[in-house]
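Subject: Structure handover

Hello,

Here is the structure I promised to pass on. Please open it alongside this message; my notes follow below.

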Amino acid sequence: MNSTIQKDQFYDSFIKNFISVVFGLIINYINGIFVLVFCKSSVFYSDPRYILYTHLVINDMIMLSISVGLQVTIYAVGPFSLSVCCVVLFVSVIVTKNSPLNLACMAIERYIAICKPLHHPQICTVRRTYMLIWFIWTLSAVPAFSDIFITLSTRTESFFSTAVLCHMVIIRNTWQHVVNDTVSNVVYLLFVWITLIVTYFKVLSAANAASADRVSARKGRNTILLHGGQLLLCMMSYITPLLSTVLVDLFPQSRSTILFILFLLSNILPRLLSPLIYGLRDKQFAERVKVYFCCKKTQIIRVT
């Protein structure tokens, strides 16, 4: 009887890890093609809009790799060095904060391109865009470093030599961590939402102006709306713990399945949205991506 239960548990764990790894490889492959297209064309790597977009895609690839890697490691290895876990979670916190901040910067870039087209080439340069990306990483690292300082000040030295299951709840379970996490999330998300709302209405007013390029303004307005939709999906990771608690209380026998489905919905599938939402909507990107997916040689018109 016990051997049968163990086999069922092993089979269940294997299937879940297999699904996660397959989804992770497929999504990273698709995202990797978009990054490759970006690197191979000067049309893209000399345009701030595409630089920010590709940064978002690379950030999603890092986030997805960490999520799937941690899940498989926990199932396959179990507890491992807490020091290594802290480093992994440190990077995870940074890339999680990067996504909404990057969305806000993309919305601002679209606002400048549509509402201040004459000033766009001077304001949105390639050099300033890369400086902005470094600034995004610096801002995102502030809560992560705060977590490290809190952990060092609230834990004993023996704590860091132990082996644990690498999970946020196990490492960051003090009230100081909760306060730091709550404050940073509220401040960052509030800034992003205000940015998206303000830029949306600015672009909307530009679309109604007689002198504005209505087609460009409409596309910019729709892009900012998509930023808002993707931000809502980014926020799923914040409500997942509450949602899992409610669903597990209602269906305790399906606890493992519920947690796995929520993991897919909040950590894996949203990573596919960046190429689908932005890349395929862009004609230049879509044409070049078809070359790689269709595996045939086509002539790509160089835009100078």
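Phe23 is partly exposed in this predicted model, because its relative accessible area is 33%, and a residue has to fall under 20% to count as buried. The residue belongs to helix H1, which covers residues 2-40. Leaving aside residues up to four places away in sequence, Phe23 touches Leu264, Ile268 and Leu269.

Now take Tyr50, in helix H3. Is Tyr50 buried or exposed? Tyr50 is buried: its relative accessible area is 6%, and the cut-off for buried is under 20%. Which residues does Tyr50 touch, not counting those up to four places away in sequence? The list is Phe38, Val43, Phe44, Asp282, Gln284 and Phe285. Tyr278 lies 228 residues from Tyr50 along the chain, yet their C-alpha atoms are separated by 9.7 Å.

Next, the packing of H3. Two packed helices are described by the angle between their axes and the distance between the axes. I looked at two partners.

The H4 partner: H3 spans residues 48-76 and H4 spans residues 82-115. Their axes lie 9 Å apart, at an angle of about 155°. That angle makes H3 roughly antiparallel to H4, since the class begins over 145 degrees. The two helices cross in a left-handed sense. Sorted by class, the H3 contact with H4 has 14 nonpolar, seven polar and four charged residues.

The H6 partner: the axes of H3 and H6 come within 9 Å and cross at roughly 30°. H3 and H6 are therefore roughly parallel to each other, as angles under 35 degrees fall in that class. This crossing is right-handed. From H3, the residues in the contact are Pro48, Ile51, Leu52, His55, Asn59 and Ile62. Facing them in H6 are Val126, Thr129, Tyr130, Leu132, Ile133, Ile136 and Trp137. The class count for H3 with H6 is 10 nonpolar, three polar and no charged residues.

Some totals for the protein chain. How many helices and strands does the secondary structure come to? The count is 13 helices and two strands. The protein chain has 304 residues, and 42% of them count as buried. Take the contacts between residues at least 6 apart in sequence: 80% of these join residues at least 24 apart.

Finally, confidence. The mean pLDDT of the protein chain is 79, with 86% of residues at 70 or more. Where is confidence highest, and where is it lowest? Helix H6, residues 126-154, is highest, with a mean of 90. Helix H9, residues 214-234, is lowest, with a mean of 70. Two stretches should be read with these values in view.

Best wishes

Notes: Residues are numbered from 1 along each chain as its sequence is written. This is a predicted model: local features need pLDDT of at least 70, side-chain atom pairs count only at pLDDT 80 or more; totals for chains, interfaces and linings use all residues. Side-chain values use heavy atoms; hydrogens and water are left out. Axes are lines fitted to C-alpha atoms, for helices over the stretch in contact, and angles run from 0 to 180 degrees between N-to-C directions. Helices (H or I, at least four residues) and strands (E, at least two) are DSSP runs, numbered from the N terminus. Angles under 35 degrees count as roughly parallel, over 145 as roughly antiparallel, 65 to 115 as roughly perpendicular and the rest as oblique. A crossing is left-handed if the near helix is turned anticlockwise from the far one by less than a right angle, and right-handed if clockwise. Ala, Val, Leu, Ile, Met, Phe, Trp, Tyr, Cys and Pro count as nonpolar, Asp, Glu, Lys and Arg as charged, and the others, Gly among them, as polar. pLDDT is the predictor's confidence in each residue, from 0 to 100. Buried means under 20% relative accessible area, exposed over 50%, partly exposed in between (1.4 Å probe, protein chains only). Contact means heavy atoms within 4.5 Å.
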